[in-house]
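Let us walk through this model step by step. Keep the sequence and the 3D view side by side.

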Amino acid sequence: MADEAGTPPANGGGAEGADATVLPAAPTVEAPAATGEVHIDLVILPEGYGQTKMIDVSRTVQSIRKELENELSIPENSLYMMNLSGAAEFKEVLPDEKSLSQLGLKPGDRAGIELRINYYQEQPAEEYTMPDALEVRVVDARGEERAITVHVQRPVMEKPYLGGFKNKANNAIYHHAVTQTAPAQKTEPHKIRFHREAQTYEYRTRSTQSKKDNGTQMEKVGLFIDSTKDVIMEARRPYFSSADKSALLLEKCVIIQCHARGMVARRRTRQMRQARLERQELEQREAERRQLEADLRHKREVERRMHPRTFEDFSVLYKELEAWRLNEAKRISNSGFDEATRRAAQRELLHKETKLLQTIDKLKIQAHSQNRDSKIQKKLESMSQPKVWAQNDGETTTVHTPFTTRAKELMDLYSGLRLPLLTVDERLDVLLHVKWTVKEFDCNLTREIVDLIDREADMLNRGRPEKSFAGLRKRLSNLFLQFLETPEFNPEAMKFQKVPRELYDQTGTHPLSTVPIKGLGA
């Protein structure tokens, strides 16, 4: 019977004989078939190889698949055609019995089909082999779950049927419980066994016979024994009895015991002496550490009062000053002075308190200046630090970029500007380098820096005293610091900006402004 697309049967069936011809199929009597060819883009996945073929729309998927299997020289039924896209859409595997026209394609259309090749053949399932041990999880009487290991015993012989029953539904035979246990192992009948005595000692029997019969006879009445040839023999050593041996063993044991106890006592003494020495050294180190910590703490407290730097240091000074004032006021009030003397003492106390407050204010100004200098130095060092890049192997690489190199050069120039006790030639050399650096940019800030440098150079050439340069040099260092903190001059300063550049540009003190400032030199 012909398929729905009009493909004529060949060799008994349309599916089996379709690969015998690639010509357009003739229409059947039942219905006219569409004629014409379509452009099919065949793509083999996952390799990605592709090919475009002209295929008649009346051909079935099975005939096209068999033709492709022959061209690719692959086993039969190992090629899958799926996911039709383009002029028509069809997901999943394309059915073999349908033709391209039944899938929605018309003559002249263009579509794509994915090809997948399966080289693997189904393998028969492996025979199940029970392991030597099984782990079974059971719940005991207390409701706790625990694991029990069950060891499997392999059958060494065919089980005899000693009772049980057979399930007629699935023909499963259930043996009696006795046949499920391991059979008793027979003992070896010809095993040699010995008595205990035969296993510990080997007996031997020997019989002896003296060469000549001998005997002894004592004198008595009526018997005379000749003693003229008798010899009296005496032992060369005194007789050593068992009691003497026991006493000697006891004496030697006492000597060995004394030496052993002495050895143990000396070892114990050495251990105790070593432990005492280590304890004394530890106590000495702890005492030295505590003394050092106390000295450092005392030195820190003195330093906090002599050279305060933080807010807490000044809080301590103010608290101690207030405590001293209250103590002095109490002493004056309880001293019993007359009115004039008490008033004079209070004025003296007020004068001392004012002096101390003035001293604290001076210390505040010094601390502010030192803190500002240290903060600026730390920020400049952060700008000039090289970049650290982490690698895949855990190592790090230090890299100097053009921006960090620029920041390092500017930091060195700023440090040179603030160096004291320089000769005139050294100072002029530093000023010349700073001038060359800032003259690369033309704005009001750089013009002012150049004007200050020229003014200081003129004063140095005139031989002015060192005190007259204080304000000028401070102004110059502050302007050069502003130059350092401007990202247009020092790109590394961008990440240290606390205020966005948009807001900073809206102010009237823009560092890049070129509007002439009245009073600056040309």
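Which strands each supply at least two residues of the nonpolar patch? They are strand E6 (133–139) and strand E7 (145–151). Before going further, note that this is a predicted model: local features need pLDDT of at least 70, side-chain atom pairs count only at pLDDT 80 or more, and totals for chains, interfaces and linings use all residues. Residues are numbered from 1 along each chain as its sequence is written, and side-chain values use heavy atoms, with hydrogens and water left out.

Start with the whole protein chain. It holds 10 helices and 11 strands. These are DSSP runs, numbered from the N terminus: helices are H or I with at least four residues, strands are E with at least two. Of its 522 residues, 22% count as buried. Buried means under 20% relative accessible area, exposed means over 50%, and partly exposed lies in between (1.4 Å probe, protein chains only). The protein chain exposes about 41000 Å². Carbon and sulfur atoms supply 55% of that area. Areas come from the Shrake-Rupley method with a 1.4 Å probe; for residues, only the protein chains shown count as cover.

Now return to the patch. E6 gives the largest share, 3 residues. Ile148 sits in strand E7. It counts as partly exposed because its relative accessibility is 32%.

Next, find Arg65 in helix H1 (residues 61–72). Arg65 counts as buried because its relative accessibility is 7%. Its side chain makes a polar contact with the side chain of Asn77, at 3.1 Å. Leaving aside neighbours within four places in sequence, Arg65 is in contact (heavy atoms within 4.5 Å) with Asn77, Leu79, Met81 and Asp96.

Finish at helix H4 (residues 311–333). Its 23 residues, at 1.5 Å a residue, should span 33 Å, and its end C-alpha atoms are 33 Å apart, so the two agree. Its buried residues are Asp313, Phe314, Leu317, Leu321, Glu328 and Ile332. They pack against helix H3 (242–306) and helix H5 (339–384).

Key:
Expected span 1.5 Å × (residues − 1). Polar contact = N/O pair within 3.5 Å; in protein donor to acceptor, adjacent residues only side chain to side chain.
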